[in-house]
There are 2 protein chains.
Amino acid sequence: MAKVKFEIRDGETAGELTEPDDASLYFIGRIETPFKTLAECPRQGVVDGPLCRIEVFQDFADGLKNIEQFERLQILYWLDLSRRDLLTQNPGLKGRISGTFALRSPQRPNPIGSSMVELVGIEGRFLTVRGLDCVDGTALLDIKPDRCKFSDNRCQ
Amino acid sequence: MAKVKFEIRDGETAGELTEPDDASLYFIGRIETPFKTLAECPRQGVVDGPLCRIEVFQDFADGLKNIEQFERLQILYWLDLSRRDLLTQNPGLKGRISGTFALRSPQRPNPIGSSMVELVGIEGRFLTVRGLDCVDGTALLDIKPDRCKFSDNRCQ
């Protein structure tokens with residue numbers, strides 16, 4: 001997919017960032033969604049949203065052992081179409097300027113998406129899930145079980 | 001802090017990974033916790049846990065505008081003491097081997113920690129929070145508002 005250039009909008013501010021190099025990531029898989037363009041993506045994924053498919057690359061497939069015991073998973077993915085230098089943003093051009101860290105916008109210094117999904121099915125190294133909001137072809141970073149299973153705390 | 005070498009344990013498997021270079025991260029701040037060693041860290045953070053302090057570096061501080069309106073925040077951080085090649089793990093040496101993606105262990109290909117915290121206070125570019133589980137000095141990657149505020153869906 002061609003890289004989209006996001007223009008800065010009224011009231012927004014951008015920092016002057018050097019190239020990021022504090023830590024590096026593996027792309028461990030690929031996410032297939034029905035959203036072919038950013039314009040088609042929902043603002044947030046919902047667990048009754050459309051079926052999506054997560055491919056885990058062969059090198060990492062052994063990491064899926066026992067994942068079938070979880071109904072809900074946290075998925076981390078890389079929003080590579082994002083602009084990384086925006087510090088304040090004007091979402092929906094409504095004139096209410098907020099800092100990037102007070103928004104779940106994909107435009108952020110480290111554009112890591114995080115969604116909770118419902119696990120619908122597994123075939124080998126492919127998971128079928130509901131609850132994603134990202135564009136088709138997005139790179140997968142991590143799969144974690146729902147933290148509610150690991151805490152006496154209220155569900156987070 | 002000195003890098004800890006994690007030995008592989010009974011039943012665990014490691015992949016042969018090349019150096020990661022698919023995407024790069026900024027360290028945007030630093031997290032102070034009372035946990036001075038990995039052994040002191042809780043298994044998961046809890047929102048009635050000890051007070052911790054998140055410093056956002058000056059270059060990114062404008063991104064905090066309006067963050068005070070949120071009671072709960074999602075924090076992403078970089079678990080740089082982690083071993084990244086483990087595909088199956090033997091947590092607690094209990095002999096129940098699970099894949100890395102069926103565990104919330106810090107040992108994972110992309111060692112990104114994710115916790116939901118309670119925002120207790122703000123002073124400039126320093127946030128006081130409860131709910132973290134990471135070692136003192138951990139690098140901050142992102143702050144996002146609780147996604148529950150952005151969805152009609154049940155709280156995720």
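## A salt bridge between the chains

Let's start with one pair of residues: Asp142(A) and Arg108(B) join their side chains in a salt bridge, with 2.7 Å from N to O. This is a predicted model, and across the interface of chain B and chain A the rule finds two salt bridges.

Polar contacts can be counted here too. Between chain B and chain A there are 36 residue pairs in polar contact, with both residues at pLDDT 80 or more.

## What chain B brings to the contact

Several strands of chain B take part. At least two residues each of the side that touches chain A come from β2 (23-25), β5 (72-78), β6 (86-89), β7 (98-99), β8 (112-123) and β10 (138-145) of chain B. The largest share belongs to β10(B), which supplies five residues.

By residue type, the side of chain B that touches chain A holds 29 nonpolar, 18 polar and 17 charged residues.

## How much surface is involved

The size of an interface is often expressed as the accessible area lost when the parts come together. For chain B and chain A, the buried area is about 6100 Å², and carbon and sulfur atoms give 54% of that area. The contact draws 65 residues from chain A and 64 residues from chain B.

## Strands that pair across the chains

Now follow a strand from one chain to the other. Strand β2 of chain A (residues 23-25) runs antiparallel to β2(B), and three bridges join the two. To find one of these places in the structure, look for Ala23(A): its bridge partner in β2(B) is Leu25(B).

Terms used: Residues are numbered from 1 along each chain as its sequence is written. Chains are lettered from A and ligands numbered from 1 in the order in which they are written. This is a predicted model: local features need pLDDT of at least 70, side-chain atom pairs count only at pLDDT 80 or more; totals for chains, interfaces and linings use all residues. Side-chain values use heavy atoms; hydrogens and water are left out. Contact means heavy atoms within 4.5 Å. Buried area is the accessible area (1.4 Å probe) that two parts lose on being put together, summed over both. A salt bridge is a side-chain nitrogen of Lys or Arg within 4 Å of a carboxyl oxygen of Asp or Glu. A polar contact is a pair of N or O atoms within 3.5 Å; within protein, one must be able to donate a hydrogen and the other to accept it, and residues adjacent in sequence count only if both atoms are side-chain atoms. Helices (H or I, at least four residues) and strands (E, at least two) are DSSP runs, numbered from the N terminus. Ala, Val, Leu, Ile, Met, Phe, Trp, Tyr, Cys and Pro count as nonpolar, Asp, Glu, Lys and Arg as charged, and the others, Gly among them, as polar. Two strands pair if DSSP finds at least two bridges between them.
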